[in-house]
4 protein chains.
Amino acid sequence: MLNCAVLGATGYTGAELTKLLLAHPHVRVTLLTTRQEKPIALREVLPSVAKDMTLEITPYSFDQVKKKADVVFLCLPHTEAMTAAEQLLGAGKVVIDLSADFRLRDKKIYEKWYGVNHVAPQYLSKAVYGLCEVNKEKIKKADLIANPGCYPTGPSLALIPLLKKKLIDPRSIIINAASGVSGAGKKLVTATHFCEAAENYSAYKVNKHQHIPEIEQTLSEAAGKPVKITFVPHLLPVNRGILATIYVEATGKATVPIPINRSKAEIGVVPVNHLGNKVKTGTESLIRKTLETAYAKAPFVRIKPAGQYPCLKDVQHTNFCDVGVSVNEETGRVVIITAIDNLVKGAAGQAVQNMNLRFGFPEEAGLL
Amino acid sequence: MLNCAVLGATGYTGAELTKLLLAHPHVRVTLLTTRQEKPIALREVLPSVAKDMTLEITPYSFDQVKKKADVVFLCLPHTEAMTAAEQLLGAGKVVIDLSADFRLRDKKIYEKWYGVNHVAPQYLSKAVYGLCEVNKEKIKKADLIANPGCYPTGPSLALIPLLKKKLIDPRSIIINAASGVSGAGKKLVTATHFCEAAENYSAYKVNKHQHIPEIEQTLSEAAGKPVKITFVPHLLPVNRGILATIYVEATGKATVPIPINRSKAEIGVVPVNHLGNKVKTGTESLIRKTLETAYAKAPFVRIKPAGQYPCLKDVQHTNFCDVGVSVNEETGRVVIITAIDNLVKGAAGQAVQNMNLRFGFPEEAGLL
Amino acid sequence: MLNCAVLGATGYTGAELTKLLLAHPHVRVTLLTTRQEKPIALREVLPSVAKDMTLEITPYSFDQVKKKADVVFLCLPHTEAMTAAEQLLGAGKVVIDLSADFRLRDKKIYEKWYGVNHVAPQYLSKAVYGLCEVNKEKIKKADLIANPGCYPTGPSLALIPLLKKKLIDPRSIIINAASGVSGAGKKLVTATHFCEAAENYSAYKVNKHQHIPEIEQTLSEAAGKPVKITFVPHLLPVNRGILATIYVEATGKATVPIPINRSKAEIGVVPVNHLGNKVKTGTESLIRKTLETAYAKAPFVRIKPAGQYPCLKDVQHTNFCDVGVSVNEETGRVVIITAIDNLVKGAAGQAVQNMNLRFGFPEEAGLL
Amino acid sequence: MLNCAVLGATGYTGAELTKLLLAHPHVRVTLLTTRQEKPIALREVLPSVAKDMTLEITPYSFDQVKKKADVVFLCLPHTEAMTAAEQLLGAGKVVIDLSADFRLRDKKIYEKWYGVNHVAPQYLSKAVYGLCEVNKEKIKKADLIANPGCYPTGPSLALIPLLKKKLIDPRSIIINAASGVSGAGKKLVTATHFCEAAENYSAYKVNKHQHIPEIEQTLSEAAGKPVKITFVPHLLPVNRGILATIYVEATGKATVPIPINRSKAEIGVVPVNHLGNKVKTGTESLIRKTLETAYAKAPFVRIKPAGQYPCLKDVQHTNFCDVGVSVNEETGRVVIITAIDNLVKGAAGQAVQNMNLRFGFPEEAGLL
């Protein structure tokens with residue numbers, strides 16, 4: 001049995017992770033910590049635990065973690081995680097960090113988007129980005145795993161295989177994403193007051209969300225060149241789930257090239273996209289097939305059949321990422337829709353999946 | 001006092017319209033009808049009416065409408081409205097049709113998207129599309145006003161001035177829209193069962209929604225050439241409201257053109273859009289200013305200042321259309337967000353606004 | 001035109017009241033104040049106002065209020081209102097206080113339940129409790145009107161006529177109430193975080209809610225003797241509305257008395273209530289008729305016919321109080337259900353109704 | 001491994017049950033059936049199953065059930081279950097019936113409340129009412145287990161120990177219950193349309209709900225004499241969960257009796273309840289302790305400490321029944337609040353718990 005510690009177990013992510021670990025067949029939860037000063041019974045933050053559950057969440061103590069844990073999950077706020085990680089890595093622990101502190105490889109980009117100095121930059125290049133299905137081999141050997149952000153997970157999984165096969169234009173990526181309120185955490189702010197969020201819906205941080213550089217880094221690597229995206233997150237009046245509706249343009253590989261000097265009459269009326277490519281009837285099935293092949297052996301990525309699209313209900317409380325595809329043959333534009341549970345595949349579930357990969361457990365252990 | 005009849009007063013739109021007309025200072029509700037066989041007390045469908053309200057919704061009778069109404073609002077299902085409209089126009093009534101039957105000028109396009117024959121095609125060219133702020137002068141003289149669809153209203157208002165000024169590329173239009181459940185009407189279907197819709201969110205009719213040709217017709221007229229759009233509607237777990245997040249690319253007029261044979265290195269890293277145009281710092285304010293100017297005298301279109309975006313709460317139960325703008329200077333892409341109440345500005349409110357224009361009442365009478 | 005000031009216009013109640021006053025045919029909003037240090041545009045808190053609305057909410061200044069207002073509405077927190085009221089009454093203003101500060105006639109009871117000293121006790125006996133339908137005549141002459149609390153309004157309206165006619169046992173009153181989240185105000189607390197309130201439902205302040213003494217005071221007056229109630233409020237995952245399900249026992253006047261030494265076999269099986277009274281078949285209609293008669297001329301109290309019950313949807317955004325009645329003939333118990341909008345009839349709407357009564361406007365002016 | 005069949009696996013209860021059985025360590029799901037004519041993939045109704053799940057829900061065939069199942073769960077509509085049960089019991093199967101068909105021991109009462117003839121009355125006396133914590137020993141030997149209704153479960157668990165100890169008056173029981181919409185099933189009716197249910201709350205079937213005789217039967221048995229209750233169910237705008245707020249009066253055993261001819265002055269002002277009993281300060285803790293003792297070994301019944309009350313969030317997706325207690329010392333009335341997940345402890349979870357008891361598995365197997 002692997003001994004696990006969760007640092008920051010009182011937040012939504014920490015509690016969800018604790019729940020998954022308690023039900024996991026191959027691990028033992030040996031320590032739960034909080035930044036608060038007094039111990040809290042686990043049942044206070046996780047009411048679904050057994051009646052006789054005696055576990056407590058105790059104030060953070062490095063000595064305790066050192067003594068009790070083989071693997072340490074950091075559910076700490078961005079910028080607090082890096083200090084803890086440095087110390088724990090020094091003590092030989094495997095660290096799975098659910099914060100953003102080690103996701104961006106470039107110190108400057110991190111500091112620009114998060115507005116703070118990075119105090120452990122020496123680990124930036126050693127950290128492995130824990131997008132399980134994509135970085136599986138590296139994760140198996142990593143001592144510091146940077147668990148992906150909730151927004152980046154779905155779109156990255158959907159776009160990477162298409163970028164690698166050069167089926168979509170890397171300049172054309174638009175991600176329209178909508179998240180449930182738990183994504184904003186437990187902190188009390190006006191936007192998450194029930195009377196503001198319920199019966200409401202709005203965009204926020206338009207072109208300014210801190211997950212933009214994370215997605216761009218991942219997609220640039222897949223495309224083999226710098227990728228810039230347009231990303232607009234929205235706040236949904238639901239507890240859990242992220243649905244991303246992604247708009248991209250198919251490249252010549254997925255289309256039938258036509259002469260660049262096409263007649264003006266054609267523009268906008270025949271299925272010609274911005275690149276001057278005519279969309280083939282088979283573009284949609286080519287894209288779907290590419291995704292199906294890429295994730296044929298991935299237990300948590302499900303590609304929907306033609307005419308069907310993901311929805312939040314299908315993925316809530318699961319580690320699945322569902323993906324749907326539609327190609328508009330009039331405009332040559334590709335629509336890809338992804339859905340995950342932000343607290344599971346977008347955080348705690350993917351963290352457990354990373355642990356499974358790292359320690360040689362079956363990938364779906366504790367997750368299905 | 002103008003005598004008004006509402007045909008189909010039991011649905012969500014009909015009830016909302018009746019509510020607005022009852023509070024209107026210059027009209028009188030003289031007839032409410034239903035396709036059901038028995039009369040229903042108005043209070044059954046509109047519980048907010050006065051305690052002593054005795055109005056009834058009665059089975060449809062052409063003679064009654066002929067006798068009692070100057071203006072007739074059709075809140076009938078698509079395809080039923082055209083039959084009624086033909087008869088009523090023949091009897092000299094002014095008809096404001098809230099169905100889709102007279103919105104599309106091309107009979108073939110109507111029949112393709114709605115799957116039925118059009119029985120009154122002679123009125124297609126006479127009908128005026130009731131997008132109030134845009135077609136004001138024509139509406140003043142129209143006897144048949146085709147009230148716009150709920151989804152088309154916001155995006156049309158936002159994009160028309162930009163297309164007219166050629167500030168955005170007509171080939172680049174992507175509309176990601178999300179609607180409250182009342183937009184789907186009162187009919188009982190699985191998707192609107194509380195347990196399916198609540199805590200859920202999903203796309204539907206991707207690239208297949210019947211409002212696509214309506215939006216394309218409107219935007220083509222503004223652009224002066226055929227426009228094809230990408231349109232993905234989503235179902236939101238709220239009662240009312242539509243928020244559309246629109247992605248377009250700025251043209252050379254709003255940007256700084258750069259040579260088409262720009263070096264590959266630049267692509268995707270400098271602020272160059274698909275058209276090979278470099279975005280100017282001032283693009284965002286140029287677009288915002290264009291919209292502000294276009295709607296300076298429009299009482300119901302409000303352009304949000306920089307950094308602010310519309311939300312459903314701000315427009316629910318009002319006839320406003322709120323519009324926000326953001327330009328991503330990295331990608332050269334323009335994000336425009338519009339919000340309306342689907343039952344008010346997207347249906348009943350705009351119908352009243354059309355009546356106000358047609359009969360010379362103040363444009364905001366009964367709406368503010 | 002009457003000049004109105006709203007003190008505390010930024011909260012949910014203050015904004016709702018401002019909205020109603022702006023639409024009122026006989027008044028003018030001349031001053032809106034806030035306890036914050038900087039002025040705020042009204043549109044920031046009330047987005048439904050006209051586009052060209054220039055009204056501002058300004059920091060409180062006694063001199064301004066003195067100069068600009070005939071009637072002053074206090075939407076201040078409990079305990080702040082009393083200080084302001086004292087000053088304003090001294091300046092000859094009519095004060096309608098939406099806080100709890102002048103609702104309880106007994107200084108000690110106020111201090112026990114609200115945990116603070118009362119600084120203006122000399123006004124406690126002069127204040128008129130603004131339950132419009134019940135205290136109409138006194139309200140017409142009052143200079144200080146204590147607008148009722150949101151929870152007390154519905155149950156008080158339903159029970160007063162029955163207590164006055166001695167049809168129900170004053171010892172038997174149980175009020176099970178459920179309120180929308182806006183009742184808890186704009187303050188950020190854990191219970192009103194979307195993720196805590198949505199998809200949730202729970203009781204709170206069981207037997208401890210500060211509206212208990214207010215209801216008991218009102219009902220004691222109607223019963224002519226001290227009344228103690230059982231009151232359990234619950235938090236509903238909706239924005240607006242209070243539904244109260246009230247359980248009482250019919251007295252001998254509404255039932256057929258049977259001998260107190262009835263056989264044990266009868267207990268619990270024949271329709272005999274705690275008082276040893278056998279319920280008549282006509283008890284339900286007697287109670288319904290009593291309520292209908294009491295509110296025959298009240299424009300905002302609607303008694304539902306047999307077999308129909310109030311719901312929140314019917315009263316949201318209205319000043320109505322709907323009341324339904326059911327008598328269980330097996331147990332002799334009476335169920336009365338009331339529904340109001342907590343921000344309208346439970347606060348701002350009733351305040352306007354009080355103003356209408358006080359200044360001789362039609363009772364429903366600005367409210368229908 | 002025990003072979004399980006679920007008849008009626010497409011409804012909310014059937015799908016939840018299938019989910020629990022698939023995760024159960026000691027059973028195998030060998031058959032899922034539907035009344036529809038064509039087979040359906042399980043993933044269509046239970047999207048959380050593994051990606052490679054090939055189970056199908058097939059049209060009902062008695063031969064298949066006979067061949068493949070040891071235990072058969074009936075998730076059929078009331079009145080259909082009894083026919084199936086008769087046949088399956090004849091074939092020697094253990095039947096756990098989630099419908100109401102075998103819950104009431106009296107054929108006449110069943111027929112009165114459900115409005116149909118009972119076709120298998122010979123099994124009414126043989127069926128064991130599957131309230132696990134209460135009927136554990138009988139359940140261990142039962143071949144036909146009538147799984148309790150969703151509303152009866154919580155209140156029965158809370159009241160039985162108190163009635164057995166004669167601490168509460170059996171004539172005084174009032175149950176104010178509120179259920180999430182899934183309790184109404186998947187059928188499309190107006191009341192469960194999103195636009196009717198969301199932002200709404202109302203009572204329904206006041207004094208007429210078919211769970212009344214079930215609760216009365218259970219409580220009568222505990223009280224040792226006929227019990228009649230007042231029961232008012234409400235529809236909550238949430239997916240899952242039932243919270244019942246129960247009002248009862250403490251008897252002399254829990255209180256201090258005072259003379260019946262007490263002075264009138266005392267009535268309603270001192271803590272004297274209807275029975276003429278003065279409430280002791282220790283009544284609340286006596287009641288709480290009685291419940292704690294009764295359920296000390298029950299893994300799924302949790303008694304909240306003083307001042308804390310159950311909420312839906314704490315029990316959703318679990319098999320717990322949480323119970324809170326408050327005694328109003330002013331009125332002598334006891335408030336007991338219970339919360340369960342209607343689909344788990346109120347249906348599928350309790351059915352699994354019944355199976356665990358019947359087949360000698362640990363009581364919490366597959367449920368914690």
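Which hand does the crossing of H1(B) and H12(B) have? The crossing is right-handed. This is a predicted model.

**Chains A and B: contact**

- On the chain A side, 43 residues are in contact with 43 residues of chain B.
- Several strands of chain A each supply at least two residues to the side that touches chain B. They are E9 (174–179), E10 (202–203), E11 (230–235), E12 (242–249), E16 (321–328) and E17 (333–340).
- Helix H11 (312–315) of chain A also supplies at least two residues to that side.
- By class, the side of chain A that touches chain B has 22 nonpolar, 14 polar and seven charged residues.

**Chain B: H1 against H12**

- Helix H1 (residues 12–22) and helix H12 (residues 344–359) of chain B pack at an angle of about 40 degrees. Their axes are 9 Å apart.
- That angle makes H1(B) oblique to H12(B); the roughly parallel class takes angles under 35 degrees.
- From H1(B), the contact takes B:Thr13, B:Glu16, B:Leu17, B:Leu20 and B:Leu21.
- From H12(B), they meet B:Val344, B:Ala347, B:Ala348, B:Gly349, B:Ala351 and B:Val352.
- The contact of H1(B) with H12(B) has eight nonpolar, two polar and one charged residues.

**Chain D: H7 against H9**

- Helix H7 (residues 150–164) and helix H9 (residues 212–223) of chain D pack at an angle of about 20 degrees. Their axes lie 8 Å apart.
- H7(D) and H9(D) are therefore roughly parallel to each other.
- H7(D) passes H9(D) in a right-handed crossing.
- H7(D) brings D:Pro152, D:Pro155, D:Ser156, D:Leu159, D:Ile160, D:Leu163 and D:Lys164 to the contact.
- H9(D) brings D:Glu214, D:Ile215, D:Thr218, D:Leu219, D:Ala222 and D:Ala223.
- By class, the contact of H7(D) with H9(D) has nine nonpolar, two polar and two charged residues.

How values were computed. Residues numbered from 1 in each chain as written. Chains lettered and ligands numbered in written order. Predicted model: local features only at pLDDT ≥ 70, side-chain atom pairs only at ≥ 80, totals over all residues. Axes fitted to C-alpha atoms, helices over the stretch in contact; angles between N-to-C directions. Helix = DSSP H or I, 4+ residues; strand = E, 2+ residues; numbered from the N terminus. Parallel < 35°, antiparallel > 145°, perpendicular 65-115°, else oblique. Left-handed = near helix turned anticlockwise from the far one by under 90°. Contact = placed C-beta atoms within 7 Å. Nonpolar A, V, L, I, M, F, W, Y, C, P; charged D, E, K, R; others polar.
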